[in-house]
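Please examine the sequence and the structure below before reading on.

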Amino acid sequence: MCGIVGYVGNGDVVSVLFRGLTNLEYRGYDSAGMALQDQGEIKIYKTLGKLINLKNELEQKKPEIKHPTSGIGHIRWATHGSPSLVNAHPHTCSCGRLVVVHNGIIENYKELRAELISKGCNFRSQTDTETIAHLVADEYAKAKDLEMAVRNSVKKLQGAYAICVMHKDVPDLIVGARKHAPMLVGVGDGENFIASDTPAIIEYTKRTIYLEDNEIAVITKDSVKVTDIEGNIVTKKIEMLPWEPVALSKLGYKHFMLKEIHEQPDVIRNVLNGKLYDIDAPIALNEVKLDRDGLKKLNKIQIIACGTSLHAALVGKYLIEDFAGISVDVEASSEYIYRKTTTDSSTLVIGVSQSGETADTITAIKQARAKNSHVLIITNRPDSNMARLADSLIPVNAGIEVSVAATKSYTAQLISFYLLAIHLAEIKGSLDNSYLKNIKHELIQLPTKIEEVLSNTSEIQECARKFSSYKNFIYIARGVNLATAYEGALKLKEISYINATGYAAGELKHGPIAMLDETMPVLSILIPGGITYEKVLSNSEEAKARNAKLIALTSSTDINIDALFDIVLRIPQVSEILSPAITCVPLQLLAYYIAEFLGKDVDQPRNLAKSVTVE
Ligand code: F6R
């Protein structure tokens with residue numbers, strides 16, 4: 001969603017802000033802007049659409065940009081008011097001396113706006129953000145101190161915000177504040193940064209201070225001061241970012257999504273590293289802070305997540321119930337938060353999120369915490385808000401994921417669930433030892449098998465070419481791969497805008513079969529050796545009888561499959577229970593190549609955001 005970057009220093013302000021925004025653009029946005037402190041003036045530049053438009057605008061206005069020494073930049077994903085120039089950030093007070101950029105939603109903005117209008121403020125946009133600009137300016141007129149004005153203002157705001165404020169009369173000083181929206185300070189030498197997320201600053205510094213809710217940061221080029229809402233100094237720890245700037249490079253791949261799909265074997269090795277190193281040794285999952293007795297007695301787990309993470313959660317449910325015999329509910333966070341749940345202090349609540357910033361999941365986790373549940377978070381962002389709410393934290397170590405469509409973070413979540421389910425089974429003694437060893441052995445083999453899939457994608461590309469003109473798809477599967485069908489269909493929808501539905505194969509004949517004809521391809525996930533293979537095969541026959549074109553995703557070597565299906569996408573031999581960690585890969589690639597053939601914006605699909613920070 002929206003992104004913020006601020007900079008004070010002797011560097012090239014425009015380029016630092018622009019690089020910062022570029023490194024945030026994967027989050028999704030529809031307009032961009034920056035405000036520069038330039039020789040006693042505040043200069044504002046805004047454009048609609050992609051950052052290239054802002055770049056062109058800045059290029060065009062180069063003659064008027066003299067020597068900026070600080071600035072704030074923003075990419076906006078419209079919530080209040082359409083994506084338009086007037087609604088793009090930065091916003092100013094009536095006289096234009098004070099500028100603000102903002103992530104989040106101010107819930108009481110209408111009341112504040114009415115009050116400020118009655119005081120003579122001149123509003124130009126439909127945004128909630130403009131209210132902050134007028135409010136801080138009003139407070140500044142009284143306090144004559146920008147930090148104090150921000151402090152007095154945020155006390156009046158309800159909702160979520162990360163804001164950066166500059167004032168013409170206080171050159172080269174940025175005040176940042178946050179509540180329920182992330183914000184951090186990047187500490188440099190003779191320069192300092194402030195941003196909504198680490199990629200914005202990683203090219204310049206790894207030294208980071210994470211702000212907590214209700215904290216206010218004041219940065220100049222030589223100083224960083226953090227205070228609480230009452231103005232008391234807060235001593236903050238400087239943390240080192242674990243990522244290298246190279247994580248934000250495509251490394252020769254056409255898209256980040258393709259690069260991230262190809263990173264999956266190493267990602268799995270990373271997740272397994274130190275946790276599964278010997279098939280005879282128990283899984284080392286010290287991150288789970290419940291004691292063995294607590295885990296032994298555990299009989300209720302609830303997993304809360306959204307989107308792709310919700311699909312990983314469905315695989316997690318299957319694994320935990322199968323391996324450890326513990327009952328697991330899975331629910332979309334957006335549903336969980338608006339009903340009376342049975343969560344209690346004996347429930348283990350697991351939140352799954354690649355970004356760790358998804359507003360619905362954060363709210364759900366807070367609700368679970370309020371019921372004294374133990375909260376376990378599985379996330380790719382150990383530095384996120386969600387991670388900070390965790391009693392136990394499993395970081396999935398997938399590295400930064402730039403493509404909006406989640407791929408490697410999904411696989412990493414799946415592997416974390418395998419480890420967790422085995423860990424629970426080992427504590428409960430619910431699985432036979434030789435079965436456990438086999439599963440562990442196969443887990444260790446997974447990266448090599450995925451490398452095999454990635455080393456020959458010609459069949460998948462051929463399939464994408466043949467099917468890219470179809471408007472509707474059904475993906476069918478049973479058992480542990482049902483979530484794979486959901487996830488494969490979601491990937492296709494997200495990046496190619498083709499209607500695709502994941503369906504339980506056995507449910508086809510209870511309704512969706514009515515839609516089948518030669519215009520509706522059916523993709524079946526068939527893993528032999530397990531309990532669902534024959535059933536999915538006969539469900540595929542039913543589809544064939546309705547003239548549907550058939551695609552098989554299978555590890556079967558049976559040549560009869562080639563006769564039944566129009567295209568067969570083969571993966572290496574794998575047990576059914578472990579197959580979701582492989583079957584997801586060809587489906588990611590299929591979605592990728594279809595979107596690529598259709599010329600879609602693969603890494604930044606329309607309307608989508610990488611971190612969904614609004615409910
Ligand atoms: C799809 C995708 C989304 C996210 C969802 C939840 O590719 O990435 O469906 O999974 O928005 O986000 P997180 O996992 O960050 O909580």
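How do the residues of the shell around the ligand divide into nonpolar, polar and charged? They divide into five nonpolar, seven polar and two charged residues. Here Ala, Val, Leu, Ile, Met, Phe, Trp, Tyr, Cys and Pro count as nonpolar, Asp, Glu, Lys and Arg as charged, and the others, Gly among them, as polar.

## Basis of the report

The model is predicted: local features need pLDDT of at least 70, side-chain atom pairs count only at pLDDT 80 or more, and totals for chains, interfaces and linings use all residues. Residues are numbered from 1 along each chain as its sequence is written, and side-chain values use heavy atoms, with hydrogens and water left out.

## The ligand and its shell

The ligand is surrounded by 14 residues, where a residue is near a molecule if one of its heavy atoms lies within 4 Å of it. The closest are Ser309, Ser353, Ser355, Thr358 and Glu494. Helix 9 (307-324) and helix 16 (482-496) each supply at least two residues of this shell, and helix 9 gives the most, with three. Helices (H or I, at least four residues) and strands (E, at least two) are DSSP runs, numbered from the N terminus.

A polar side-chain atom of Ser353 lies 2.6 Å from a ligand oxygen. A ligand oxygen is 2.8 Å from a polar backbone atom of Ala406, and a ligand oxygen is 2.8 Å from an N or O atom in the side chain of Glu494. Taken alone, the ligand exposes 400 Å², of which the protein buries 92%; such areas come from the Shrake-Rupley method with a 1.4 Å probe.

## Helix 1

Nine of the twelve residues of helix 1 are buried, so this helix is largely enclosed by the rest of the structure. Buried means under 20% relative accessible area, exposed over 50%, and partly exposed in between (1.4 Å probe, protein chains only). Among the buried residues are Val13, Phe18 and Leu24. The buried residues pack against elements including strand 1 (3-9), helix 2 (51-60) and strand 10 (191-195), with contact meaning heavy atoms within 4.5 Å.

## Backbone features

Most residues other than glycine have a negative phi, and most peptide bonds are trans. A cis peptide bond joins His89 and Pro90, with omega about 0°.

Lys144 has a positive phi of about 55° although it is not a glycine. At 61% relative accessibility, Lys144 counts as exposed.

Note on methods
A polar contact is a pair of N or O atoms within 3.5 Å; within protein, one must be able to donate a hydrogen and the other to accept it, and residues adjacent in sequence count only if both atoms are side-chain atoms.
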